[in-house]
Amino acid sequence: MRRLSIAFSLYLVCSMTNAKVWVEQRTEYYDIAPSSVADIKQQLREHSPVTQNEQIFHGNTQWTVEPMFQLYRANGLCRIMHVNVRLLTVFTLPRLANEDEADDDIISTFTTYVNALTEHEQGHHEFGKQAAEAVAKRLTALVPHYQCEQLAKNAQQEAAAIIERFSDANKAYDATTGHGRTQGAVIR
């Protein structure tokens, strides 16, 4: 199994007063080489590196939200400034290693499937993006505190709670969509 990692984008999602959200996306591909349309599903099972709870999945999205900020003291109070939130999203998707040799039915079936799978995985990324934006917004709104250490602790707790909320929504999205089946990510 050959894996290739391709970094393909870094962009600024939003910039609000005193806060920026930076998004970095990367896709890691695993190769399959089906000899027939019927072989696509077997190849996906055999070569997918994505397993959760002893179950094999054909695609995956992992996102990480990393809040960063500076503290400054003025007039006896500590405040948060220069909030930067980084969202790193790593997609894992299949690709045809034998596209040059595969017949049109294999290519068409695989392309339809992987497009639906990619759309589903983009939905997971959206939860990460929403989490990053919510963290940035919340951190810029934190009330100043007379102790910088306490303000930093409050900020970390608030960020963790927001990330957990969106992580739970991310899991519910899989339950609601049947891991993408309701969105057409089904290979028969």
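Predicted model: local features only at pLDDT ≥ 70, side-chain atom pairs only at ≥ 80, totals over all residues.
Which backbone oxygen lies 3.2 Å from a polar atom of the side chain of R73? Select R73 to find out.

**Stop 1: R73**

R73 sits in strand β5, which covers residues 60–74. Show its side chain. The oxygen in question belongs to the backbone of G76, 3.2 Å from a polar atom of the R73 side chain. Now look for another backbone oxygen, that of Y146. The side chain of R73 reaches that oxygen at 3.0 Å.

Keep R73 selected and show what surrounds it. Setting aside neighbours within four places in sequence, R73 is in contact with C78, Y146, Q147 and C148. Pick Q147 from that group. It is 74 residues away from R73 along the chain, yet the two C-alpha atoms are separated by 9.1 Å.

The cut-off for exposed is over 50%.

**Stop 2: D31 and R95**

Go to strand β2, residues 19–32, and select D31 there. A polar contact of 2.6 Å joins the two side chains, D31 to R95. D31 has a relative accessible area of 9%, so it counts as buried; the limit for buried is under 20%.

**Stop 3: helix α2**

Select residues 104–141, which form helix α2. How far apart are its end C-alpha atoms? They are 55 Å apart. The helix has 38 residues, and at 1.5 Å a residue it should span 56 Å, so the two values agree.

Next, zoom to the N-terminal end of α2. D103 caps this end. Its side-chain oxygen lies 3.0 Å from the backbone nitrogen of D105.

**Stop 4**

Most residues other than glycine have a negative phi.

Select H82 in strand β6, residues 77–96. Its phi is near 50°, a positive value in a residue other than glycine. With 41% relative accessibility, H82 counts as partly exposed.

Finish at H179, found in the segment after α3 (148–177). H179 also is not a glycine, and its phi is positive, about 55°. How accessible is H179? Its relative accessibility is 30%, so H179 counts as partly exposed.

Definitions and conventions. Residues numbered from 1 in each chain as written. Heavy atoms only, no water. Helix = DSSP H or I, 4+ residues; strand = E, 2+ residues; numbered from the N terminus. Contact = heavy atoms within 4.5 Å. Polar contact = N/O pair within 3.5 Å; in protein donor to acceptor, adjacent residues only side chain to side chain. Expected span 1.5 Å × (residues − 1). Buried < 20%, exposed > 50% of the residue type's maximum accessible area, 1.4 Å probe, protein only.
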